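Here's a quick briefing for anyone meeting this structure for the first time. Take a look at the model, then read on.

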Amino acid sequence: AIRFLSKQRPERVRLLGDMLCREDFDLVLLQEVWSEQDYSDLKVKLGSCYPFSHYFRSGVIGSGLCVFSRFPILDTFLYQYSLNGYPYMLQHGDWFCGKSVGLVIIKISGIIFNVYVTHLHAEYCREKDAYLPHRLVQAWELAQFIRHTSKVADVVLLGGDLNMHPEDVGIRLLRGWTGLRDAFVEATHFEVSGRGRVGSQDTPRAPHLPCHLSQGCEDGCTLVPSNCFTVKSELLPFPLGIRIDYILYKAISNYTVKCEELKTTTGAVPGMDIPFSDHEAVMATLHIQRQGQAMDTTFGTAESALADVVTEARTEVGVGLRVAQRQRYSSGRMALLALLLLLLQAAAALGVLLGLDAGQPFPKLSFCLLAFLATGILLLATGLHLFHTMEVKMLHGTEEQMRMVLRALQERP
């Protein structure tokens, strides 16, 4: 929902508010609400149905994340990912969003819920995914954030646009390291059961959220070619669409969580020719029940399999680290050459002032233009060098964390 850019944005935001007023969700997680005014309008419109809400602010444009709830929000926290693409890739713009994970804590019938909403870096090109190391760092930081902030919770919920296919290493790393379960995989059936309903969706980038209620798209796909706002060329290898939006959950203490039903929207708003978003909404009904004995949910998969996933992720992060090191070296060398050129010009100018020139002064206009060019290159290259230096540090730090986790997994009896 980018102001002035997204097609039919005000109309779609209004339709989204109308639909959320009609539905009986307990919790609504939205992504890509880039305009804070859109959030304010939704908050006013949904105030009677969802009296509690929160908007997560970050970056230049904003995180685009917000939550609406029928139950009181006890606490909130925002964590901004350390890596989020490149500021000079203006056509993608992820860096300016300050991609983050937002946490809201709510209490329902004595049960403490840690609810996380997030939006990871987009893929753009699956064959040559330049952002894979950054998205893996985000997936790792998301998993670590959930692990370290959910220790006192009873139930953990995560909803959002993860921009990863179910078989991708990032989603396997996230699920394996946190023990989160996929609502689509675990769902029992598709009939509406009334309680504990959670809706997660991108709002219109072009658009994203619940439509008329049906079983949903085949294989739970949330980005489908039939949607008029999708880029058809990106989905050519996937004629049925792709599933990149998720509701994940797990119980921490002496509770069990089951997904009774899950569905997605299936296209246009009833009676209209536009959908709410470029993604289909994911809607889940969860059943939470107390049990007698607390469950050990430290690891969601067998530790040997988890070690393989961490190893695979660490390898990809290592590839990104070497690329970042080369980019840091190239930008640093460019900055050094520009600095040398400025020094030579300064020496030539000093020679003219001291009367040491050979009688053929350098043309003043060309001299000034060359100086401005060298200064511009110096500033740009220095900025890129500093950015890639931070990128190297973040990638190296994540690789070290994964190495320590691998050692701990391998040493466990």
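Let's start with Phe56, which counts as buried at 2% relative accessibility; buried means under 20% relative accessible area, exposed over 50%, and partly exposed in between, using a 1.4 Å probe and protein chains only. Keep in mind that this is a predicted model, where local features need pLDDT of at least 70, side-chain atom pairs count only at pLDDT 80 or more, and totals for chains, interfaces and linings use all residues. Residues are numbered from 1 along each chain as its sequence is written, and side-chain values use heavy atoms, with hydrogens and water left out.

**Around Phe56**

- Phe56 sits in strand β2, residues 52-56 (helices are DSSP runs of H or I with at least four residues, strands are runs of E with at least two, and both are numbered from the N terminus).
- Leaving aside residues up to four places away in sequence, Phe56 touches a set of residues including Cys66, Val67, Phe77, Leu78, Leu103 and Val117 (contact means heavy atoms within 4.5 Å).
- Leu78 is 22 residues away from Phe56 along the chain, and their C-alpha atoms are separated by 6.7 Å.

**Helix α1**

- Helix α1 has 14 residues and reaches 20 Å from its first C-alpha to its last, close to the 20 Å expected at 1.5 Å a residue (the expected span is 1.5 Å times one less than the number of residues).
- Among the buried residues of α1 are Arg9, Arg12, Val13, Leu16 and Leu20.

**Salt bridges**

- How many salt bridges are there? The count comes to 15, where a salt bridge is a side-chain nitrogen of Lys or Arg within 4 Å of a carboxyl oxygen of Asp or Glu.
- One of them joins the side chains of Asp38 and Arg9, at 2.6 Å from N to O. Asp38 lies in helix α2 (residues 36-45) and Arg9 in helix α1 (residues 9-22), so this pair ties together parts that are 29 residues apart in sequence.
- Asp38 is buried at 6% relative accessibility, and Arg9 is buried at 10%.
- Glu186 and Arg181 also meet in a salt bridge, at 3.4 Å from N to O. Here Glu186 is partly exposed at 29% relative accessibility, and Arg181 is partly exposed at 31%.
- Arg243 pairs up with Asp182, their closest N and O atoms being 2.9 Å apart. Arg243 is in the loop between β10 (208-209) and β11 (245-251), while Asp182 is in strand β8 (residues 181-182), 61 residues apart.
- Both Arg243 and Asp182 are buried.
- Elsewhere, salt bridges that share partners join Glu123, Arg126, Asp129, Arg135, Glu167 and Asp168 into one network.
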